[in-house]
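This report goes through a few features of one protein chain. Please keep the sequence and the structure in view while reading.

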Amino acid sequence: MLCQVFPQQYDQQLADKQQRLLGLVPSMTDKLQVFASAPAHFRQRAEFRIWHTPERLFYAMFDPANPKHPVEISTCPMAAESIDNLMAPLLAKISENVILKNGLFEIDFLATLSGEMLVTLIYRKKLDDQAWSLAAQTLRDALPINHLIGRSRKQKIVLDQDFVVERLEADHQAWWFQQIENSFTQPNAKMAQNMLAWAREQSRGLGGDLLELYCGNGHFSIALADLYGHVLATEISKTSVKSAQFNLTKNGVENVEVVKMAAEDVSQALQGRQYNRLAEIDLSTYQFNTIFVDPPRAGLDDLTRQLSSEFDHILYISCNPETLARDLTVLEKTHDLMAAALFDQFPYSHHIESGVLLKRKTL
């Protein structure tokens, strides 16, 4: 596929994903909302290898069927228009400058709906900090680039900051989110807005307090905060926790606490085990009614699955329908599936992003 789009095939590929998801989770039938992506220019992130020939440089990707043969990429209609439009003039400028060109291995783009562009140039060799910075400054000033980074092994040169700030809108509100270079962000920003809107719709009226596991940079915690009394959000990545704190301040959210903690440790903390990281948080004051989980592709571990089953409501965002189906075989013993959604975060791929709301069964 390699950056190509096929708008005429989009509806069918989405229908195929819907059928696959319903096949894995039949209880979604008659409850599934399907959120279609834009068929082109939907990715706010893109990464390309840079291939050197005696005559020129070109962007390259690799076909899994022939991984040793670079495929030249001259345009990328999957990427946001701001990225697609920048690719050719950026490489032309780099090709004119020996300092920027020599040893260049990869170029990464991070764009936002709110108009920022961050570009990272990755090298095989150590950079001369002063010479590269001067050349990079000239490059940045000549093109629509807000922030520029040079990377090589154990080296990172930043022209003014290593993040962008995205503005996402949903449910007639808007929030700002710091997105750090080389860290996880939702690549399809417009679909991320649909995910926030759906999560808010499911949260409305549930009441009580919210426990969120795998909170990342606070993407959902912040957007859901006004619908709950208090939110306790946990995340294992130090970088993401720091970014979540930035985002809480940026958005003026005061009823969310973010703690660096693994999901399995949260389960034990709620059972009474003491952790220094929770020394300033009195868990007994929370009245948790809902748990929100957005796990990695492996899905929920046994402890977290058991913990989730003890809540009245479970909001589960999944990036892997197979592990979601596995987890639901356990969770649907204690809970009923009330709502479901398919978010086509990655068009033209086999990846399926989905969400479910579960409610404890009544006796």
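Contact means heavy atoms within 4.5 Å, and a residue is buried if its relative accessible area is under 20%. The model discussed here is predicted.

## Helix 8 and its surroundings

Helix 8 covers residues 263-270. Its buried residues are Ala-263, Asp-265, Val-266, Ser-267 and Ala-269. What do the buried residues of helix 8 pack against? Their partners are strand 11 (209-213), strand 12 and helix 9. Just after helix 8 comes Gly-272, which has a positive phi of about 115 degrees.

The pairing with helix 9 (residues 302-309) can be described by its geometry: the two axes lie 8 Å apart and form an angle of about 50 degrees. Helix 8 is therefore oblique to helix 9. Their crossing is left-handed. On the side of helix 8, the contact is made by Ala-263, Glu-264, Val-266, Ser-267, Gln-268 and Leu-270, while helix 9 contributes Leu-303, Thr-304 and Leu-307. Sorted by class, the residues of this contact are five nonpolar, three polar and one charged.

## Helix 1 and helix 10

The crossing of helix 1 with helix 10 is right-handed.

Which residues of helix 1 and helix 10 meet? Helix 1 supplies Arg-20, Leu-21 and Leu-24, and helix 10 supplies Pro-321, Glu-322 and Ala-325. Four of the residues in this contact are nonpolar, two are charged and none is polar.

## The disulfide

A disulfide is a covalent bond between the sulfur atoms of two cysteines. How many disulfides does a search of the whole structure find? The search finds one. It is formed by Cys-3 and Cys-76, whose sulfur atoms are 2.1 Å apart. The link is left-handed, with -80 degrees about the S-S bond.

Cys-3 has a relative accessible area of 7%, so Cys-3 is buried. Cys-76 is also buried, because its relative accessible area is 2%.

A disulfide needs sulfur atoms within 2.5 Å. Cys-215 counts as buried because its relative accessibility is 5%.

## Ser-237

Ser-237 sits in the loop between strand 12 (231-235) and helix 7 (238-251). Is Ser-237 buried or partly exposed? Its relative accessibility is 24%, so Ser-237 counts as partly exposed. From C-alpha to C-alpha, Ser-237 and His-350 are 27 Å apart in space, and they are 113 residues apart in sequence.

Methods: Residues are numbered from 1 along each chain as its sequence is written. This is a predicted model: local features need pLDDT of at least 70, side-chain atom pairs count only at pLDDT 80 or more; totals for chains, interfaces and linings use all residues. Side-chain values use heavy atoms; hydrogens and water are left out. Helices (H or I, at least four residues) and strands (E, at least two) are DSSP runs, numbered from the N terminus. Buried means under 20% relative accessible area, exposed over 50%, partly exposed in between (1.4 Å probe, protein chains only). A crossing is left-handed if the near helix is turned anticlockwise from the far one by less than a right angle, and right-handed if clockwise. Ala, Val, Leu, Ile, Met, Phe, Trp, Tyr, Cys and Pro count as nonpolar, Asp, Glu, Lys and Arg as charged, and the others, Gly among them, as polar. Axes are lines fitted to C-alpha atoms, for helices over the stretch in contact, and angles run from 0 to 180 degrees between N-to-C directions. Angles under 35 degrees count as roughly parallel, over 145 as roughly antiparallel, 65 to 115 as roughly perpendicular and the rest as oblique.
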